[in-house]
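Thanks for coming. I have one structure for today, so please bring it up on your screens.

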Amino acid sequence: MNKTISKLAAATATFLLAACGGGGSGSSQENPAGSEPASPVQASAKGAVIPAAAPPREYMQCRSCHSPQPGKHGVGPSLHAILGRPAGSIEGFNYTSALKQSAIVWNRETLDSWLEAPRKMVPGTRMVMAVRDAGRRAAILDYLESLTPDKPAQE
Ligand code: HEC
C-alpha cells in the first residue's frame, strides 16, 4: 500500500514538472520569433530608394559633384547614361568649351583615360579629380555602365 502511494506521488510530481517545463520553454520561444519579421521589411524599404545598382566605395569621391539621376546636375553634370554619349553634350549644363569641342565619345576606353588624367586628355577642363589606380577606375566604370540602360557595343 505504501508503494502504491509513493508511485502516485512520483507520477504526479513528474506530471507537474513536465507541465511547468513545457509552459516555460513555449513562452521563451515566442520572443525571438516575434522580433524577426521587422528586419526584412526595413531592408526592402531601403532598397526601393536606390534606382540603379548601389554605387561602389570608389564612386563616393565623384558623388559630391555628380548625380546618377537623369537631368540632375551639381558642380558636374549628371552621369546617367554616360556611355555612348559625346562629351559635353547634355543640354542645360555649363561645360567648358574645351570639353564641348573635344570630340570625345564616352566609352569604357575614353572614360578610363579621362578618369586617369582629365586635364591631360582635355587641357582646360574644369574637372580636376583624377583616379590613378586602374582597379578603382574599373570599379567606377562598372558602376557607370549600370547607369546606362542600353549599353553600346564595345569598340
Ligand atoms: C570637384 C567636382 C568634381 C568631382 C569630384 C568629379 N567631377 Fe567629373 N566633372 C566635373 C565637372 C565640373 C565636369 C565638367 C567639365 C568641363 O566642362 O570641362 C565633369 C565632367 C565629367 C565627365 C564628362 C561628362 C560629360 O557629360 O561629358 C565625366 C564622365 C565625369 N566628370 C566623371 C567623373 C567621375 C567618374 C568622378 C569620380 C571619380 C568625377 N567625375 C569627379 C566635376 C567633378
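This is a predicted model: local features need pLDDT of at least 70, side-chain atom pairs count only at pLDDT 80 or more; totals for chains, interfaces and linings use all residues.

Residues are numbered from 1 along each chain as its sequence is written.

Confidence first. pLDDT is the predictor's confidence in each residue, from 0 to 100. The protein chain has a mean pLDDT of 77, with 63% of its residues at 70 or more. Over residues 16–50 the pLDDT stays under 50. For that stretch the model has zero contacts beyond four places in sequence, a contact being two residues whose C-beta atoms, placed from the backbone, lie within 7 Å.

Now the ligand. A residue counts as near it if its C-beta atom, placed from the backbone, lies within 6 Å. There are 27 residues around the ligand, and Cys62, Cys65, Gly76, Tyr95 and Met127 come nearest. By type, the shell has 19 nonpolar residues, seven polar and one charged. Here nonpolar means Ala, Val, Leu, Ile, Met, Phe, Trp, Tyr, Cys and Pro; charged means Asp, Glu, Lys and Arg; the others, Gly among them, are polar.

Which helices supply at least two residues each of that shell? They are α3 (60–63), α4 (97–100) and α5 (108–116), where helices are DSSP runs of H or I, at least four residues, numbered from the N terminus. The most comes from α5, with three residues.

Next, the core. The largest nonpolar core has 14 residues; such a core is a set of buried Ala, Val, Leu, Ile, Met, Phe, Trp, Tyr and Cys residues joined through C-beta atoms within 7 Å. Buried means 20 or more other C-beta atoms within 10 Å of the residue's own, the C-beta atoms being placed from the backbone. Among those with the most contacts inside the core are Trp106, Leu111 and Ile140. Both α5 and α7 (134–146) supply at least two residues of this core, and α5 again gives the most, with three.

Within α5, Leu111, Trp114 and Leu115 are buried. They sit on the same side of α5 because they cover an arc of only 90 degrees around the axis, taken from the directions from the helix axis to the C-beta atoms. The cover over the buried residues of α5 includes α6 (118–121) and α7.

Finally, why does leucine 111 count as buried? Because it has 20 C-beta neighbours inside 10 Å. Leucine 111 touches Trp106, Leu141 and Leu144, leaving out residues up to four places away in sequence. Leucine 111 and leucine 141 are 30 residues apart along the chain, with their C-alpha atoms separated by 7.6 Å.

Definitions and conventions. A residue is buried if 20 or more other C-beta atoms lie within 10 Å of its own, exposed if 12 or fewer, and partly exposed in between; C-beta atoms are placed from the backbone.
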